[in-house]
Protein chains: 2
Amino acid sequence: MTIVVKKFGGTSVGDVDRIKRVAKRVKRSWSEGNSVVVVVSARAGVTNSLLDRAYAIQKNPTDRELDVLMTCGEQETIALTCMALDAIGVPAVSRTGWQAGILTEGLHSKSRIREVSGGDIRKQLRAGKVVVVAGFQGINDSGDLTTFGRGGSDLSAIALAGALRAKNCQIFTDVEGVFTADPRIVPDAKKIDAINYEEMLELASSGSKVMQTRAVEFAQKHNIPFEVRSTFSTKSGTAVKKKVKSLEDTLVSGVAIDKNQVRVSIVELPDRPGAAAAVFKVMASAGVVVDMIVQNVARNSKANLTFTVPSEDAFRAEKALREHLKEGAGGKLGKSTNIAKISVVGVGMRSHSGVASKFFEALANAGINMLMISTSEIKISVAVNPEKGDDATRVAHQAFGLGK
Amino acid sequence: MTIVVKKFGGTSVGDVDRIKRVAKRVKRSWSEGNSVVVVVSARAGVTNSLLDRAYAIQKNPTDRELDVLMTCGEQETIALTCMALDAIGVPAVSRTGWQAGILTEGLHSKSRIREVSGGDIRKQLRAGKVVVVAGFQGINDSGDLTTFGRGGSDLSAIALAGALRAKNCQIFTDVEGVFTADPRIVPDAKKIDAINYEEMLELASSGSKVMQTRAVEFAQKHNIPFEVRSTFSTKSGTAVKKKVKSLEDTLVSGVAIDKNQVRVSIVELPDRPGAAAAVFKVMASAGVVVDMIVQNVARNSKANLTFTVPSEDAFRAEKALREHLKEGAGGKLGKSTNIAKISVVGVGMRSHSGVASKFFEALANAGINMLMISTSEIKISVAVNPEKGDDATRVAHQAFGLGK
């Protein structure tokens, strides 16, 4: 039995006609003798209209009941998708998250997968049926319905593929795969045929919107290869796996841009042990995820500490910092500014030096000033003025010869 | 622990404001120290819009998946109702049909209740919580979601009340209770304070739209008393139970009218054993429920057979009969006509004679011709011309002194 898992997101199943198109696509694979498991999201818009009603009733809706409400979205889609398959002669049966044995733990609306049993999916597949599973949802030990938060259906698909030892797991989306850069910014950006988990993770966390990091992290942890490809085309997409052949020859795989960051700085921070740690503890308590961090060398026992936070958290971050400084921590809050973060990503960096210098030189030649720099083992990120972001992306893309 | 079950139908939870109103009503009972279980239907309109999408995909949607789709309707309502309760300080927790241990058997979309365990509802009630249960749905032995068909939420409420040994079960609806006749036809019709299961059943099956017969049959079989009352008023409604005190003094409890019947007749049916039985076998195979049946005395070895069927089945009935007669069964299909069926119902009939003569005399005095007559132990029904239906109802109502 060759099992394939195919995941279709909210846009791909957005209306009746699109659901019919998804069914046709599934039929093709099923007709070729594959045992097909389909994972679907709520139709685009459904989640929002359910939320609207919840907020009309209660400003802060109960977490548990919000999950009961949200899970209706995918439940609708699995039923409609099965009908669409049945209508074109493909026997199909639906499974909600709990029926598929997707067991969760942790908080409502951001629960984690504890275990995936798959329920009787293998039995249904052996009987020749396509099994359509509701993404984004599972059930916890108390028997409560729970959801996974953003990108949750990708997570369901990857976890199911792992549990069922699927031959492959295809994440259908509205782009053709992972690109060397955003094609809207860099016209000659190329689709990447294969990429490893780490690079995919760095790209995802650096502004490439193709997938949420949680699903990729899960795939990496359990080594479940998958493919990102387009719902609206038959071209092959990007394979994401543990090792990519001859990858070591590729110095840089892609360039990502994140325009959604704000630079926050604290000047004249006392240069004593724990001063910076206290700042980040305040950020953590406020639920703000800090990204790039730069601290310069102290002069006169005073240091400048600069870091970036997501734009939507900037106000909260500043408020928490202002209170912290008022309590006598020392230092003054500088003016926050928007920045664009450009990241070059590639496992080849591990064994090759010179990536940073090439990157920085290219930016310098283009007259683009770097505001901050941060590096990881396989990534170099720089912050630049927002209006220079697209230019910087193009410059980096060309410097590493990533174009067609 | 005094458990009360309160059921609110689709109109009562039709929008966000109505759900809030239901929550307030529930709060009042909960504040008085009751342990409250709320059973809700899908918001009015939701079921239809789900069905529209199903039919847009498939003309005859798969039964199993139609049930998966339909159950989303009540699941949405339980979540929203819990939020509305929480918003006014009432701790609440929702349960889908399967979470409430409503176990079913039989066909999808018209499954029957096999057993109700109640799940952990008693535990939640002991913890001071209001439990909101999705009506109309359960789970079968294979783990499939199933629904009960029309009036299914009433059935859920009554079955839960039985399983939880509730002190009372209130069916909230858009009328104030069961009336001696339809108040739109008979302005001085009175609300009936108490009625027994049999009468309620006969009234329900004779055109009183207050409740579906299935739920009443279940209540009768398991002796679970309940009350029908209005969502939009605080007046007490109609108690439905096994024995109603001094009921024997009431000859007739109510008059019902059913305008949704068509009279079908077969003339010159051979007067031989099995000829009529064959006709009704054909009707059963076509899925048509036959109501009143009249066969006259045979003359020249030919009989006339007349019966009524629901209007929506009339076309199907005629088609099946035409085929049956073509196959040489003998007899000719007469012209079908609409009729109105007027029924007087009352357990008092058992011990009192003269009800029929009083009824027929009243109709005769009003110049209303009877087309058919049929009787049961506690009911007498006559078919009249549709345009005489309302008059006949008023005449019967007055003849038995049912008015205010």
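**Note on the predicted two-chain model**

1. Chain B can be superposed on chain A with an RMSD of 0.2 Å, by a turn of 179 degrees and a shift of 0.1 Å along the axis. This relation is therefore that of a two-fold axis. Within chain B, the C-alpha nearest the axis belongs to B:Cys72, at 2.8 Å from it. Both copies use the same surface, as 100% of the contact residues of chain B recur in chain A. The model is a predicted one.

2. The contact between the chains involves 28 residues of chain B and 28 residues of chain A. On the chain B side, the elements that give two or more residues are α1 (16–31), α2 (46–57) and α3 (63–87) of chain B. Which of these elements gives the most to the side of chain B that touches chain A? That is α3(B), with 14 residues. Sorted by class, this side of chain B has 17 nonpolar, six polar and five charged residues.

3. Chain A contains an open sheet of eight strands with mixed pairing, in the order β3-β6-β2-β1-β9-β11-β12-β10. Its edge strands, each pairing on one side only, are β3 (92–95) and β10 (194–196) of chain A. From one strand to the next, the twist averages 20 degrees.

4. Helix α1 (residues 16–31) of chain A packs on this sheet and touches β1, β2 (35–40) and β6 (130–134) of chain A. The direction of α1 makes about 155 degrees with that of β2(A). Helix α6 (residues 197–205) of chain A lies across β10 and β12 (238–241) of chain A, and runs at about 90 degrees to β10(A).

5. Within the sheet, strand β1 (residues 3–8) and strand β9 (residues 168–173) of chain A run parallel and are joined by five bridges. A:Lys6 has A:Gln170 as its bridge partner in β9(A).

6. Strand β13 (residues 254–270) of chain A deserves a separate entry. Eight bridges join β13 to strand β17 (residues 337–345) of chain A, and the two run antiparallel; A:Ala256 has its bridge partner in β17(A) at A:Ser343. Eight bridges also link β13(A) with strand β15 (residues 302–310) of chain A, again antiparallel. There, A:Arg263 is partnered with A:Thr308 of β15(A).

7. A further partner of β13(A) is strand β16 (residues 332–333) of chain A, which is joined to β13(A) by two bridges and runs antiparallel to it. In β16(A), A:Leu333 is the bridge partner of A:Ile266.

Definitions and conventions
Residues are numbered from 1 along each chain as its sequence is written. Chains are lettered from A and ligands numbered from 1 in the order in which they are written. This is a predicted model: local features need pLDDT of at least 70, side-chain atom pairs count only at pLDDT 80 or more; totals for chains, interfaces and linings use all residues. Two strands pair if DSSP finds at least two bridges between them. Helices (H or I, at least four residues) and strands (E, at least two) are DSSP runs, numbered from the N terminus. Axes are lines fitted to C-alpha atoms, for helices over the stretch in contact, and angles run from 0 to 180 degrees between N-to-C directions. Two residues are in contact if their C-beta atoms, placed from the backbone, lie within 7 Å. Copies are superposed by least squares on the C-alpha atoms of residues with pLDDT of at least 70 in both. Ala, Val, Leu, Ile, Met, Phe, Trp, Tyr, Cys and Pro count as nonpolar, Asp, Glu, Lys and Arg as charged, and the others, Gly among them, as polar.
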